Amino acid sequence: MYQLIQFISRQRAFILFAILEVLSLWFFYSYNNYPNAIFFNTTNYYAAKALETSNSITEYSNLRNVNKDLATENSRLNELVAKLQAQQLDKSIVNYKADSAVASRFKFVVAKVQNLTTTQFNNYITIDKGSADGLAPGMGVISSTGVVGKIKSCSAHISIVISILHSEYSVSAKLKRNNEIGSVKWDGVNPDIVEMTEVSRYKLVKPKDTVVTSDFNYVFPPNITIGYVKKVGVKADQTFHDIEVQLATNFHTLAYVYVINNKLMNEQKTLEEKTNDVKVK
Amino acid sequence: MTQKNILSQVLVFGFYLLLQIFFVRQLVLFDYAFCFAYIASVTLLPFETNRVTLILLGFFAGLTVDVFYNTIGANAAAMTLIAFLRPSVISLLTPQRGYDERQTLSLSSMGLPWFVTYTAVLTVIHHFVLFLLEASDWGLFLPVLLKVICSTVFTTVVIVIIQFFRRD
């Protein structure tokens, strides 16, 4: 027993080192798997306050870019209003009428970016709205120019968003040209470029084609811009295109984002899961 | 160590952490070179600091920075490791005539070659652990290596520059 105590006291530095190292690694891996389990991140009240203060000092420097983005968005929205009004006129011809709950299922919440990274392998964005404003994990986030990501965890007034620049996040996408479905994922290297996969090589894809969100996801409304095709190649297996997509969102100057609250998300999800269960049986 | 010395050490430690969180965090060159100057908060503690204190402070500093990077655990793991290795690195780099008793761990006292080597060795270990953990994928080994090399140069230069503003 005495020897044991002596051993521990002689090796105390190493033992302490081993314990703290294991603890850190445990934090690291459990945070990646259970984001809400650990409190140590930017949803922490004090960390958020500190970031807000430092942000309020730096935010003036990119007001010019924010203004430009908002102006672009305004013009896009005006266009959209005009288009919808036009559609309204000849609507009587078509028998189809969207259920009012489905038509208005998306609600947008504006949030301000408090903190973001673009250069790590897994990038997150901290925004200044939380569960008090009706936000919940899983909701989609877009900017005035395109897709941004999806909420990972929320506290009352702060949320963390998994940016599309994250190694484990992919978005269901389609090419506007021919409605070809694929998925978009970041390869971890260049923060302006993402990869689009699962598009058959026999379909036509050209540089500058627009890539938008597909109709097949709960998170984003369809037809939100993701980016523009930059380079087209063929994958090593010869069946799919290898497409490089230039992101529409400029993450470097991101200041305001919209969180999309899909009111029917749970309804759709449970219904689809139920259907899948039946099929298996 | 006198009480005044301890107080000034605590202030310096806090200074490096605040510097990292509010200023240096935004510094990224060419998307590859990152600055983690806060590792100086542990690597530049006085020679006589014992290993247990080093490890505890390293863990604490890493965890604090992790909170702001949303990489909980990665910086802590890297900092704990370099805090543990620090005494070995110091004895490995012993000059031919041994360390003088009056020497302090600073640029002016140790000279540029020793200081840069020492900082670069610990920095490269820290960055390697940090970026590899973050990538969690051997397929990204080359970008990781590139990031480690660029960031080590960047961090070392920044730590040396800070030394020039130091008053002993």
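**Helices, contacts and chains**

Author: Let's start with a helix pair: H6(B) and helix H7 (residues 141-164) of chain B pack at an angle of about 140 degrees, with their axes 8 Å apart. This is a predicted model, where local features need pLDDT of at least 70, side-chain atom pairs count only at pLDDT 80 or more, and totals for chains, interfaces and linings use all residues. Residues are numbered from 1 along each chain as its sequence is written, and chains are lettered from A and ligands numbered from 1 in the order in which they are written.

Reader: Which hand does the crossing of H6(B) and H7(B) have?

Author: A crossing is left-handed if the near helix is turned anticlockwise from the far one by less than a right angle, and right-handed if clockwise. For H6(B) and H7(B) it's right-handed. Residues making this contact include Phe128(B) and Leu132(B) of H6(B), and Val144(B) and Val148(B) of H7(B). Two residues are in contact if their C-beta atoms, placed from the backbone, lie within 7 Å.

Reader: How do the residues of the contact of H6(B) with H7(B) divide by class?

Author: Ala, Val, Leu, Ile, Met, Phe, Trp, Tyr, Cys and Pro count as nonpolar, Asp, Glu, Lys and Arg as charged, and the others, Gly among them, as polar. Here there are twelve nonpolar, seven polar and one charged.

Reader: Is Leu132(B) buried or exposed?

Author: A residue is buried if 20 or more other C-beta atoms lie within 10 Å of its own, exposed if 12 or fewer, and partly exposed in between, with C-beta atoms placed from the backbone. Leu132(B), which lies in helix H6, has 20 other C-beta atoms within 10 Å, so it's buried. Pro143(B) is eleven residues from Leu132(B) in sequence, and their C-alpha atoms are 10.0 Å apart. Across chain B, 41% of the 168 residues count as buried.

Reader: At what angle do H1(B) and H3(B) cross?

Author: Helix H1 (residues 3-22) of chain B crosses H3(B) at roughly 25 degrees, and their axes come within 10 Å. That makes the two helices roughly parallel. Their crossing is right-handed. Among the residues that meet are Phe13(B) and Leu17(B) in H1(B), and Leu57(B) and Ala61(B) in H3(B). By class, this contact has seven nonpolar, two polar and no charged residues.

Reader: How many helices and strands does chain B have?

Author: Chain B has seven helices and two strands, and from the N terminus on they run α-β-β-α-α-α-α-α-α.

Reader: How many residues does each chain bring to the contact of chain B with chain A?

Author: Chain B gives 28 residues and chain A gives 28 residues. H3(B) supplies the largest share of the chain B side, eight residues. That side has 19 nonpolar, four polar and five charged residues.

Key. Helices (H or I, at least four residues) and strands (E, at least two) are DSSP runs, numbered from the N terminus. Axes are lines fitted to C-alpha atoms, for helices over the stretch in contact, and angles run from 0 to 180 degrees between N-to-C directions. Angles under 35 degrees count as roughly parallel, over 145 as roughly antiparallel, 65 to 115 as roughly perpendicular and the rest as oblique.
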